[in-house]
Amino acid sequence: MVIENAKIYGEDKIFRDGSLYIREDRFSEEKEEGPVIDAHGCYAIPGLIDLHFHGCMGYDFSDGTIEAIERIAEYEASMGITGMAPATMTLPEKKLEQILSTGAEYRKKEASGCFSKGKADLLGINMEGPFISKVKKGAQDPRHIIPCNIELGRRFLEVSEGLVKFLGIAPEENPNFLDFIKEMKDRVCISLAHTNADYDTAMAAIQAGARHAVHLYNAMPIFTHRDPGVVGAVADSPHVCAEMICDGIHIHPSVVRATFRMLGPERIIFISDSMRAAGMPDGRYTLGGQDVDVKGKRAVLASDGALAGSASNLMDCLKTAVRQMGIPLETAIACATRNPAKSLGVYDMRGSISPGKKADLVLLDPELSVKLVIKDGAII
């Protein structure tokens, strides 16, 4: 396949006019025969990777079914999100184990070619609970929040067959958090999630080995000049990456811009945090067993009005960041492609348009609307 006249997003985060070549399911540096696509006026970018979202199209990863994951993967790919690491909710231990086991089963079926083409690849699982804070629970069910448990953490990793890539904790709620982090950090990325930790506690967790922050600003202490909390600790730790939900609801555009100046673009990972209402009409849905009312982009718990994830997919968030928040397109693309790929440890095969990498590609028109998605070298 040949894609001509495209504005191609390079490894150096610069667009250049040119042609792209695809051989089978990989980008190639040699001119290829086959179908020719005229991409005049379009941006050619890598397929996006969402490493924190819950669901879409009426399905949730925590439904714990093969069908749910398959339907989610179809929708994500259609929106230009070609890789995914869905998030679990805070649920009973046995239910979480069943969800993780189903994820592992799906991944094996995916690898063996059991599913039709054109679906986002399951690259991992992001465990948002259950080791979190009731004070900053957000839309998580407080009945199932428990302290850090090394044995249970190991079991989660085993049941998922290594698919769990992020494991969230609220260090202030767990007296043994340092032991937990030191024991688990070489097996999984420990993230600060739904936490009310102050600066010193967050820094202790980071120094022990935590290196990721779940949806920065949301479900954590307010960042102030005398009490910087988790945000301040993350800012002071150059090796820690931070998720941000740029849907126009969760974080004010001024704060998004300020965070880029504070952390730099290499450490920020755009996520959607979408729930099952993404791609669906307004109405009442569920998240983690709780009712959620959705109107437009806003999703809130019916019980208390707390934000309950988003109804936007990652491509919509990228577009919002660029067109409404003033983030340069080249920077926003990196935050939704190369940065999550590096955080998931898959940048050798994904996250950029480079010879030998998987040919997952999106063509965007000048208004940043999706014109064409190519997954594994084939148009979907």
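**Close-up views of a predicted model**

**View 1. Surroundings of Leu216 in the predicted model.** Setting aside residues up to four places away in sequence, Leu216 touches Val231, Val234, Ala242 and Glu243, and it also touches Met244, Ile251, Thr259 and Leu263. Leu216 belongs to the largest nonpolar core, which has 97 residues, and together with Ile45, Ile190 and Phe270 it is among those that touch the most other members. Apart from this core there is a second, separate one of 17 residues, whose members include Leu20, Cys42, Ala44 and Leu361.

**View 2. The open sheet of 7 strands.** The strands follow the order β10-β12-β13-β14-β15-β16-β17, and their pairing is parallel. At the edges stand β10, covering residues 87-88, and β17, covering residues 268-271, each of which pairs on one side only. In general, the strands of a sheet pair through backbone hydrogen bonds, in either a parallel or an antiparallel manner.

**View 3. The pairing of β14 with β15.**

**View 4. The mostly covered helix α9.** Of the 8 residues in helix α9, which spans 329-336, 7 are buried. These buried residues are Leu329, Thr331, Ala332, Ile333, Ala334, Cys335 and Ala336.

How values were computed:
Residues numbered from 1 in each chain as written. Predicted model: local features only at pLDDT ≥ 70, side-chain atom pairs only at ≥ 80, totals over all residues. Heavy atoms only, no water. Core = buried A, V, L, I, M, F, W, Y, C linked by side-chain atoms within 4.5 Å. Buried < 20%, exposed > 50% of the residue type's maximum accessible area, 1.4 Å probe, protein only. Contact = heavy atoms within 4.5 Å. Pairing = 2+ DSSP bridges. Helix = DSSP H or I, 4+ residues; strand = E, 2+ residues; numbered from the N terminus.
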